[in-house]
Amino acid sequence: MATTYTPPKVWQMNNENGGQWASINRPDAGARFEQALPVGEHALQLYSMGTPNGQKITIMLEELLALGVAEAEYDAHLINIGDGEQFSSGFVEVNLNSKIPALVDNTSEMPVNVFESGAILLYLAEKFGHFLPNELQQRTQVMNWLFWLQGSAPYLGGGFGHFYVYAPEKFEYPINRFTMEVKRQLDVLDKQLANNTFIAGNEYSIADMAIWPWYGNLVLGKTYNAAEFLEVNSYRHVQRWAKVLSERKGVQRGRIVNRTWGEDWERLEHRHSAADIDRVLSKR
């Protein structure tokens, strides 16, 4: 029988019980060391890592470049969250929340800092006029699903992913709780995609770019090694959609940026030009 936990009157941080990320997790915000962020030659400076949240933005930027939007050229600097680089004074100045990704747009005299992946997608869509419909009803559907992802993904990553993969011990209750929720979410997506080519309708949008790095990678067996456990093949409409997006040039290029793991052809720590991605993908 599992030992019952009785919460103390006042919670205290226990460094011995945090699992894989205990060394960087703390209950306070702010800079932990002084270090300026690197700055490349392009107006758009991205500070990120190739996690699902990071992939959203690099996929968006590569999709814009594939459309011929030259102003979407960018420098992508790796922020290694496992090493705590998100707590540098430079990064905290851009994003006090110390989470990747963060974007600085130096197009104008006054730089614009943008953080939270959903906000960055929306900012880029509005700035460049792509992947977000102008018509109110269609635009609203895209926004519905963008916000759905922002609210749902923490149950997949911080919930299921943490307890199924990263927690120091396997506990039945949280794994069951978050597995049930992730399967419910997959069923929501499957029902939506049964009647739609893409997430928010028949047009590819920032909703797809937001959702694919989390749920597309999941059903394609590229995250958490949980495909069999979650019976992902049963979500056939999500499978169809995930495979279609995985064949897009922008997705293939964007998913490898700021990535430090995987095969040689899918790891690119820093991106400063299209040639950087070409060089890595040539290793396939």
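D28 is partly exposed because its relative accessibility is 43%; partly exposed lies between buried, under 20% relative accessible area, and exposed, over 50% (1.4 Å probe, protein chains only). Its partner is R26, with the closest N and O atoms 3.1 Å apart in a salt bridge. A salt bridge here is a side-chain nitrogen of Lys or Arg within 4 Å of a carboxyl oxygen of Asp or Glu. R26 is partly exposed too, at 44% relative accessibility.

This is a predicted model: local features need pLDDT of at least 70, side-chain atom pairs count only at pLDDT 80 or more, and totals for chains, interfaces and linings use all residues. Residues are numbered from 1 along each chain as its sequence is written, and side-chain values use heavy atoms, with hydrogens and water left out.

Next, D264 and R267. Their salt bridge has its closest N and O atoms at 2.3 Å. D264 is partly exposed, at 46% relative accessible area. R267 is partly exposed at 31%.

Then R279 and D276. Their side chains meet in a salt bridge at 3.3 Å, N to O. Both sit in helix α9 (residues 274-281), 3 residues apart, so about one helical turn separates them. Helices are DSSP runs (H or I, at least four residues), numbered from the N terminus. R279 is partly exposed, with 45% relative accessible area. D276, at 13% relative accessibility, is buried.

Beyond these pairs, a salt-bridge network links E62, E73, R253, R271 and D278. The search of the whole structure finds 15 salt bridges.

Key:
Helices (H or I, at least four residues) and strands (E, at least two) are DSSP runs, numbered from the N terminus.
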